[in-house]
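I opened my notebook to look up a few residues and their surroundings. My entries follow the structure below.

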Amino acid sequence: MRKTYSKHFNPTCNFQVAISEGILPLKGEEQNNDYESKSLKILHDYIIKASKESDTLELYTSWNGEENFPLTNKTELTIENLTPENLILRDRELLIIKNKTFTYTT
């Protein structure tokens, strides 16, 4: 059975990934240290790789238990414009990443 992390995700999402440990900075709370930079780079690389399997990816951040609280912001970017810095989100911000170069294979 697939767990739905938040009602804010598109219900047609095939895969969802959650962080159980580690720290990703929230917007306005960045420490700008090596640990954050490395974490953001790992997430960015993961998203780039996942974009080869999907035309749309969604990233959402919230504290545990607050997944369905109202959004604070919703942003859309193309995969070509995605940088690790774009992955620093506000609490309860939804980032939708579109892959315009994705082609379905059958």
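**Entry: a loop residue.** I started with Leu71, which lies in the loop between β1 and β2 (73–78). Helices (H or I, at least four residues) and strands (E, at least two) are DSSP runs, numbered from the N terminus. This is a predicted model, where local features need pLDDT of at least 70, side-chain atom pairs count only at pLDDT 80 or more, and totals for chains, interfaces and linings use all residues. Residues are numbered from 1 along each chain as its sequence is written, and side-chain values use heavy atoms, with hydrogens and water left out.

I noted the cut-offs: buried is under 20% relative accessible area, exposed is over 50%, and partly exposed is in between (1.4 Å probe, protein chains only).

Next I looked up what Leu71 touches. Leaving aside neighbours within four places in sequence, Leu71 is in contact (heavy atoms within 4.5 Å) with His8, Tyr60, Arg92 and Leu94. I also checked Asp91: Leu71 and Asp91 are 20 residues apart in sequence, and their C-alpha atoms are 8.3 Å apart in space.

**Entry: confidence.** I looked up pLDDT, the predictor's confidence in each residue, from 0 to 100. The chain has a mean of 84, and 83% of its residues reach 70 or more.

**Entry: salt bridges.** How many salt bridges does the structure hold? I counted three. Each has a side-chain nitrogen of Lys or Arg within 4 Å of a carboxyl oxygen of Asp or Glu.

- Asp91 and Arg92 meet through their side chains at 3.7 Å, N to O. Arg92 counts as buried, because its relative accessibility is 18%.
- Arg90 and Glu93 form a salt bridge at 4.0 Å, N to O. Arg90 is partly exposed at 37%, whereas Glu93 is buried at 2%.
- Asp45 pairs with Lys41, and their closest N and O atoms are 2.8 Å apart. The two are four residues apart in helix α1, so about one helical turn separates them. Asp45 is partly exposed at 38%, and Lys41 is partly exposed at 42%.

**Entry: a helix residue.** I stayed in helix α1 and found Ser39 there. Ser39 has 15% relative accessibility, so it counts as buried. Setting aside neighbours within four places in sequence, I saw Ser39 in contact with Ile23 and Leu24.

**Entry: strand β1.** Why is β1 largely enclosed by the rest of the structure? Four of the five residues of β1 (residues 56–60) are buried, so the rest of the structure largely encloses this strand. I then looked for its partner. Five bridges join β1 to strand β3 (residues 93–98), and the two run antiparallel. Two strands pair if DSSP finds at least two bridges between them. In this pairing, Glu58 stands opposite Ile96 in β3.

**Entry: the nonpolar core.** I looked up the largest nonpolar core and found twelve residues, including Leu40, Leu57, Leu89 and Ile97. α1 (34–50), β1 and β3 each supply at least two residues of this core. The largest share, three residues, comes from α1. Such a core is a set of buried Ala, Val, Leu, Ile, Met, Phe, Trp, Tyr and Cys residues joined through side-chain atoms within 4.5 Å.

Not counting residues up to four places away in sequence, Leu89 touches Pro25, Leu26, Lys27, Leu59, Thr61 and Leu95.
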